[in-house]
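Open the model in your viewer and keep the selection tool ready. The stops below say what to select and what is there.

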Amino acid sequence: MNLFYTDGRLAGAVDGAHFVWEAAKGGSGKVGLRLTSYNLALYLTAILAVDRVDPRTRLGWGVAGLPLLFLWQVGDTLLGMESQWLTLSRPEAYEMSAGIDPWFLIVKVANVLAGRQLVPFAIVGAHWWRWHAENQVREGFDLDRSHTQN
């Protein structure tokens, strides 16, 4: 399945569980898309694991977080592609004696330390934090403590 082709510079296609890309200047690579289904399963499992939340709220969390999870997956796939492209186009950047390439270092470190499995939990955590704060307000929790003395 051909996804995009831009001015003959870059072409991409989905091949099974991989996104395969090829550049006109000779670079090519593939990025695994299995992490997408894994992160979706992780996200839905995390939503189901939260205690004391009614099913309607869980459904709302699921629907509200899917676009953010999708954007994260697109960004993560692009980061993987950029990392592969830099490996092919700048192999000398691995040699620190040749000088430091800041973009190369940022992309490589971000690709390794992206915290891919933490993002679904962070989205659910943000939903829970908001839900918990709203429940405290509904139950009369005093958010303004300026009148109390220590």
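## First stop: an exposed phenylalanine

Select Phe 70. With a relative accessibility of 55%, Phe 70 counts as exposed, because the cut-off for that word is over 50%. The model you are looking at is predicted. Phe 70 is part of helix 2.

## The whole chain

Clear the selection and colour by secondary structure. Four helices and four strands make up the protein. Along the sequence the order is β-β-β-β-α-α-α-α.

How many of the 150 residues count as buried, as a percentage? The figure is 29%.

Contacts also say something about the chain. Among those in the protein with a separation of 6 or more, 47% are between residues 24 or more positions apart.

## Helix 1

Select residues 34–49, which form helix 1. Why does its length make sense? At 1.5 Å a residue, its 16 residues should span 22 Å, and the end C-alpha atoms are 23 Å apart, which agrees.

Within helix 1, pick out Asn 39, Leu 42, Tyr 43, Ala 46 and Ile 47, which are its buried residues. Look down the axis of helix 1: these buried residues fall within an arc of 135 degrees, so they line one face of the helix. An α-helix has 3.6 residues a turn, so residues three or four places apart point the same way.

To see what lies over the buried residues of helix 1, show helix 2 (55–89) and helix 4 (118–138), which are included in the cover. Then turn to the other side of helix 1, where Arg 34, Leu 48 and Ala 49 are exposed.

Draw a distance from Ser 37 to Ala 17: the two are 20 residues apart in sequence, and their C-alpha atoms are 10.0 Å apart in space.

## Helix 3

Move on to residues 102–112, which form helix 3. Which residues of helix 3 are buried? They are Phe 104, Val 107, Lys 108 and Asn 111. Seen down the axis of helix 3, these buried residues fall within an arc of 95 degrees, so they line one face of the helix. They pack against helix 2. The face of helix 3 turned away from the buried side carries Pro 102 and Ile 106, both exposed.

Zoom in on Asn 111. Its relative accessible area is 17%, and the cut-off for buried is under 20%, so Asn 111 counts as buried. Show what surrounds Asn 111: leaving aside neighbours within four places in sequence, its contacts are Leu 79, Gly 80, Ser 83 and Arg 116.

## The salt bridges

The last stop is a set of charged pairs. Side chains of opposite charge can pair when their charged atoms come close. A search of the whole structure finds three salt bridges.

Select Arg 90 and Asp 101 for one of them. Their side chains meet in a salt bridge, with N and O 2.5 Å apart. Arg 90 and Asp 101 are eleven residues apart, and each is in the loop between helix 2 and helix 3. Arg 90 is partly exposed, at a relative accessible area of 28%.

Next select Arg 130 and Glu 134. They form a salt bridge whose closest N and O atoms are 3.3 Å apart. Both residues lie in helix 4, four residues apart, which is about one turn of the helix. Is Arg 130 buried or exposed? It is exposed, with a relative accessible area of 60%. Glu 134, at 32% relative accessibility, counts as partly exposed.

Arg 138 is exposed, with a relative accessible area of 58%.

Show Arg 130, Glu 134 and Arg 138 together to end the tour: they are linked in a network of salt bridges.

Key:
Residues numbered from 1 in each chain as written. Predicted model: local features only at pLDDT ≥ 70, side-chain atom pairs only at ≥ 80, totals over all residues. Heavy atoms only, no water. Helix = DSSP H or I, 4+ residues; strand = E, 2+ residues; numbered from the N terminus. Expected span 1.5 Å × (residues − 1). Buried < 20%, exposed > 50% of the residue type's maximum accessible area, 1.4 Å probe, protein only. Arc of directions from axis to C-beta. Contact = heavy atoms within 4.5 Å. Salt bridge = Lys/Arg side-chain N within 4 Å of Asp/Glu carboxyl O.
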